[in-house]
Amino acid sequence: MKFEDLGLVEPILRAVFREGYETATPIQAKAIPLVTEGRDLIGCAQTGTGKTAAFALPTLQRLRDLNAKSPKPSGNGQHKKKKKRRKIRALVLSPTRELATQIHDSFAAYGRFTGFRQTVVYGGVSQGRQVRALQKGVDTLVATPGRLLDLMGQGYIDLSNIEILILDEADRMLDMGFIHDLRQIVKNAPAERQTLMFSATMPRQIRELANQWLTDPAHVQVAPAAAPAEKVEQSVYFVEPKQKPMLLARFLHEVPSSRTLVFARTKHGADKIVRRLKRDGIRADAIHGNKSQAARQRVLDNFKADKLPVLIATDIAARGLDVDDISHVINYDMPHDAETYVHRIGRTARAGAEGVAVSFCGREEHPKLRSIEQLIRRAITVEKKPDFIRAAEASPNNAPSATKGKKPSGRKYRPSRKYHSKSKSKGSSRGAPGSAAGPRGNGSKRRRRVSAR
Ligand code: AMP
């Protein structure tokens with residue numbers, strides 16, 4: 001659907017075209033008319049579907065419409081000097097600093113011709129700059145819950161003029177333990193407001209909160225969480241934990257890719273992978289919660305600017321990551337649940353591009369693979385074990401400690417018969433690193449791209 005048909009006003013349309021958007025994504029086509037009408041809305045959509053514009057564009061339009069309708073403020077006489085200061089009228093809550101920054105940037109881009117102002121507040125950095133931006137007055141505030149409450153407590157933020165409240169990635173906010181903060185925040189917002197809630201999944205708790213906080217909401221759903229990006233080519237290596245570092249390094253050296261996002265289970269694990277890859281001459285860096293905001297942003301900027309070909313991330317840090325053209329997603333550690341797998345691989349093959357998702361699955365992780373296959377209702381292609389891993393397995397000295405003294409191929413992965421056929425387990429056409437048929441030839445191109453030299 002065309003943006004012109006969604007009832008957006010000219011300054012917003014102009015900004016949309018300036019972003020290079022031609023047609024609205026499904027969530028935008030559904031949500032924009034409902035939100036501009038003033039409806040509360042529950043949106044079930046993941047990052048990558050265009051959901052930020054789905055709420056930001058109509059929010060900007062509502063701010064304009066409500067401005068036009070409301071009588072000129074007579075001032076409540078609290079602060080004579082600051083009588084004309086803008087009041088926060090739209091509040092967006094986000095689970096992570098990265099996502100908050102991206103949402104803020106989107107509001108700035110889409111609202112560039114509207115004259116509205118926005119700012120973003122999040123924890124992990126000193127508050128001075130954020131407070132100064134707030135003191136200048138903003139129409140839209142994007143915030144992570146903890147810092148918002150902190151600044152509210154200090155009297156820098158007043159929610160009493162909020163007209164639109166947006167909860168983005170609500171499920172992740174609950175996962176991260178923000179429920180009490182959210183209750184507190186919602187309590188401080190006016191009861192009469194428009195509320196939008198976006199969530200990638202809709203567990204019971206989210207539905208209950210929606211019942212409490214939203215009024216007669218419209219429901220909009222796109223790409224159910226169980227549907228992985230159609231164009232992602234998915235495969236799995238069965239490999240023991242001890243061999244994962246070597247497999248990753250070989251893979252990155254030998255398989256041509258542009259941007260690779262590697263998922264690690266823990267922050268410590270992510271740092272370990274970076275150190276290992278650097279020893280192998282591969283430029284890689286990590287983002288996770290232990291790094292300062294400035295350091296995370298620097299890493300992200302380098303990744304986006306093609307200065308860093310490999311980014312290692314934990315699930316939480318990667319949440320809301322808005323980077324296009326990720327050619328490969330590697331599940332170095334299998335995700336703890338099947339839905340997270342779908343989120344992870346959705347980072348590649350965005351906006352119609354093709355992508356590859358490769359998983360490194362240890363013996364202990366087989367049950368996770370099985371539940372992923374059940375969720376996505378298809379078998380994941382099993383890659384041929386690279387020769388160097390076979391050699392390592394054959395040598396008792398190199399055998400991973402967990403399997404020392406045992407037969408290396410003792411307990412085999414038993415795929416659910418429903419999803420696996422014999423032909424599926426042959427290895428994909430991409431070529432396995434280190435195998436006789438591995439892409440050594442075109443690997444040199446890749447090496448040039450990822451090497452530190
Ligand atoms: P989101 O799901 O909001 O994180 O958006 C994912 C990416 O899609 C971002 O890079 C947006 O800039 C981009 N995007 C959003 N809407 C459109 C659209 N209608 N056409 C093209 N790209 C879009």
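**Exercise 1.** Work out how helices H2 and H3 are oriented to each other.

*Solution.* H2 and H3 are roughly parallel to each other, a label for angles under 35 degrees. The axes of H2 (residues 26–37) and H3 (residues 51–69) cross at roughly 25 degrees and come within 9 Å. Here axes are lines fitted to C-alpha atoms over the stretch in contact, with angles from 0 to 180 degrees between N-to-C directions. Helices are DSSP runs of H or I with at least four residues, numbered from the N terminus.

Before going on, two notes on the model. It is a predicted one, where local features need pLDDT of at least 70 and side-chain atom pairs pLDDT 80 or more, while totals for chains, interfaces and linings use all residues. Residues are numbered from 1 along each chain as its sequence is written.

**Exercise 2.** Which residues surround the ligand, and where does the ligand lie?

*Solution.* Start with the shell: 14 residues surround the ligand, and the closest are Tyr21, Thr47, Gly50, Thr52 and Ala53. A residue counts if its C-beta atom, placed from the backbone, lies within 6 Å. Next, H3 gives the largest share of this shell, 3 residues. Finally, domain 1 (3–66 + 84–221) and domain 2 (232–398) both contribute to the shell, so the ligand lies between them. The domain bounds come from an automatic or database domain assignment.

**Exercise 3.** Describe how H10 and H11 cross.

*Solution.* The axes of H10 (residues 244–254) and H11 (residues 267–279) come within 10 Å and cross at roughly 55 degrees. That makes H10 oblique to H11.

How values were computed: Helices (H or I, at least four residues) and strands (E, at least two) are DSSP runs, numbered from the N terminus. Angles under 35 degrees count as roughly parallel, over 145 as roughly antiparallel, 65 to 115 as roughly perpendicular and the rest as oblique.
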